[in-house]
Structures are given as C-alpha cells and as structure tokens.
Protein chains: 2
Amino acid sequence: MFALHPRLEADSHFAADWPLCRVLVMNDARYPWLVLVPRRERATEVTELEATDRAQLIDEIARAGHLVQAFPGVAKLNIGALGNLVPQLHVHVVGRRPGDPAWPGPVWGHSAPIPYEADALVRILGAVRAG
Amino acid sequence: MFALHPRLEADSHFAADWPLCRVLVMNDARYPWLVLVPRRERATEVTELEATDRAQLIDEIARAGHLVQAFPGVAKLNIGALGNLVPQLHVHVVGRRPGDPAWPGPVWGHSAPIPYEADALVRILGAVRAG
C-alpha cells in the first residue's frame, strides 16, 4: 500500500504516475521542480531498492530531467535525494537558472516557496503529462 | 580523455576507479562524503549519459551509499548532483547524522570544510578501497 507522505502531499501537486514513481510538481513557481516518489512502501533510501527498481528510477530521473530542461532559461539540473525532514524516498529534479533566488546554492531550505498561479500550474502539469 | 575538474581535484582525495566512476573522498572530516565522477568526457548532466551508463551510475551510487551507511551514526544518505559551480558531472553521496553541522539542511554551501587528519583519512580511503 503506497501512500504519499503528508508533507509531500501538502507541498506539491500530483502530475502523473510513471511506471515506478509518482510525479509531483513542487508548488514553487520560481523553479521548474519535479519530485519523483517511487511507489514502494516504506522505502527511504536508494540503497533499499532492488536493482531493477534502481535502473527504472534513474531512467525516470532522466525523463524528468529532459522535461525540466525544456523550460525557458534552465541552464543546469539539480538532482537530489535528501530526506532529512521527509523520510519517504523522493528525488528532486530542479531546473536552475543563473540568478534564480537560490543560485548558485541549493534550493533546499533556501527560502519560502512562491505558489503557482493557476495558468502557470496548468502549463507545467500539462508539460509533465505530455512528456 | 577523462580529466578531473581542478576544483574537485583540490577539494578531495582519490579513492578508487570503479567501472564507470572515479571515486573521491571529500576532504571534510565532518561527514563521510564520497563523490562519484563518471569517466565520460564533457558530461555535465545525467540526461547526457547513455542508458547503460545511467544504470551503472545508480548501481555505483548504491554501492557508495552502502559504504557511507556503514560509518558510525549515519542515519540518512543525502545524494545530490548539482554542478552549479563545477559543471563536470559528479554525484555527492553524503552520510548525515542528526546534529551534524548542517543538519537538517543540505551540506552544499553550508560552511567551510574541516580537513581530515591523516589517520582518519587513511581509514576512509581504506574503507572505500575494500568496499
């Protein structure tokens, strides 16, 4: 029984279910920012995944990376699996632009998100669902 | 022709060459912290790797993760590919302990490293070479 951690649920919008991962859009309009959550109960670390799940995970990371790289101005991907606050295994795939609020530091823990307005949210959810 | 970025060279110690990646130990005694650098010329993003290299990369991430998790007190892995400052593709695998200097935030950009003393450096290099 896979259930999304309440903190991820609160901070993001559901975009899609890919073969392994639930794909979320972080509710922060400042960055094109996807979160991949493997639908594996109680997984907290990449080291706990079976080899076939690991290979699928990195393929889905690359797929998310291509989607994020297609957003205007994205110069660098930042990919991270941290989980110090939310133990459920999840992988951030964030598009970075020189001069964005956290640049060149990491986005995690940097500053409060700026929620999406409706049209921009519909656009990024549409891009993920088409990608 | 693979060559390590001078910044990575300056900030770390060579530990081993695995099938895909050069394995470095970050010269910061506060965290068990490995860096994996795929020996692929000019790669800057996971999305540029061939599928077989991607699968190998995540296997080596898991291998590094198991090594790091074996250090005393490590409660969480932090895995990250950022590259905002050093474009050469590299993946951090960091062992985190509640109460470590950056906890629960990310280690990247947090504070100046504390270099290893000789015996602790020999110990972590030995662990990587044996693992």
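B:Arg42 is exposed, with a relative accessible area of 69% (exposed means over 50%, buried under 20% and partly exposed in between, using a 1.4 Å probe and protein chains only). The model is a predicted one, in which local features need pLDDT of at least 70 and side-chain atom pairs count only at pLDDT 80 or more, while totals for chains, interfaces and linings use all residues. Residues are numbered from 1 along each chain as its sequence is written, chains are lettered from A and ligands numbered from 1 in the order in which they are written, and side-chain values use heavy atoms, with hydrogens and water left out.

B:Arg42 sits in the loop between β3 and α2 of chain B (helices are DSSP runs of H or I with at least four residues, strands are runs of E with at least two, and both are numbered from the N terminus). Its phi is near 65°, a positive value in a residue other than glycine. In chain A, A:Arg42 likewise has a positive phi, of about 65°, and is found in the loop between β3 and α2 (51-69) of that chain. With a relative accessibility of 70%, A:Arg42 counts as exposed.

Another backbone feature concerns proline. The peptide bond from B:Trp103 to B:Pro104 is cis, with omega near -5°, and B:Pro104 belongs to the loop between β5 and α3 of chain B. A cis peptide bond also joins A:Trp103 and A:Pro104, with omega about -5°; A:Pro104 is placed in the loop between β5 (91-96) and α3 of chain A.

The strands come next. An open sheet is formed by 10 strands in the order β1(A)-β2(A)-β3(A)-β5(A)-β4(A)-β4(B)-β5(B)-β3(B)-β2(B)-β1(B), with antiparallel pairing (two strands pair if DSSP finds at least two bridges between them). At the edges stand β1 (12-17) of chain A and β1 of chain B, each with a single partner strand, so one side of each is left without a neighbour in the sheet. From one strand to the next, the twist averages 20° (axes are lines fitted to C-alpha atoms, for helices over the stretch in contact, and angles run from 0 to 180 degrees between N-to-C directions). Helix α3 (residues 118-130) of chain A packs on the sheet, touching β1, β2 (21-26) and β3 (33-38) of chain A, and its direction makes about 25° with that of β1(A) (contact means heavy atoms within 4.5 Å). In chain B, α2(B) lies across β2, β3, β4 and β5, running at about 25° to β5(B).

Within chain A, β3(A) is mostly covered, as 6 of its 6 residues are buried. A:Trp33, A:Val35 and A:Val37 are on one side, and A:Leu34, A:Leu36 and A:Pro38 on the other. In a regular strand the side chains alternate between the two faces of the sheet. Antiparallel pairing of β2(A) with β3(A) involves 5 bridges, and A:Cys21 has A:Pro38 as its bridge partner in β3(A). The hairpin from β2(A) to β3(A) passes through 6 residues. Antiparallel pairing also links β3(A) and β5(A), over 4 bridges, with A:Leu36 partnered by A:Val91 in β5(A).

In chain B, β1(B) and β2(B) run antiparallel and are joined by 5 bridges, with B:His13 opposite B:Val25 in β2(B). A hairpin of 3 residues connects β1(B) to β2(B). Strand β4 (residues 76-81) and strand β5 (residues 91-96) of chain B pair in the antiparallel sense, again over 5 bridges, and B:Leu77 stands opposite B:Gly95 in β5(B).

The helix α3(B) has a buried side made up of B:Leu121, B:Ile124, B:Leu125 and B:Val128. These residues cover an arc of only 100° around the axis, which puts them on the same side of α3(B) (the arc is that of the directions from the helix axis to the C-beta atoms). They pack against β1 (12-17), β2 (21-26), β3 (33-38) and α2 (51-69) of chain B. The face turned away from the buried side carries the exposed residues B:Asp119, B:Val122, B:Arg123 and B:Ala130.

Finally, the two chains meet through 30 residues from chain A and 30 residues from chain B. Between them they bury about 2700 Å², 58% of it on carbon and sulfur atoms (buried area is the accessible area, with a 1.4 Å probe, that two parts lose on being put together, summed over both). A:Thr47, A:Ile58 and A:Asn84 supply 23% of the area that chain A buries against chain B, more than any other three residues.
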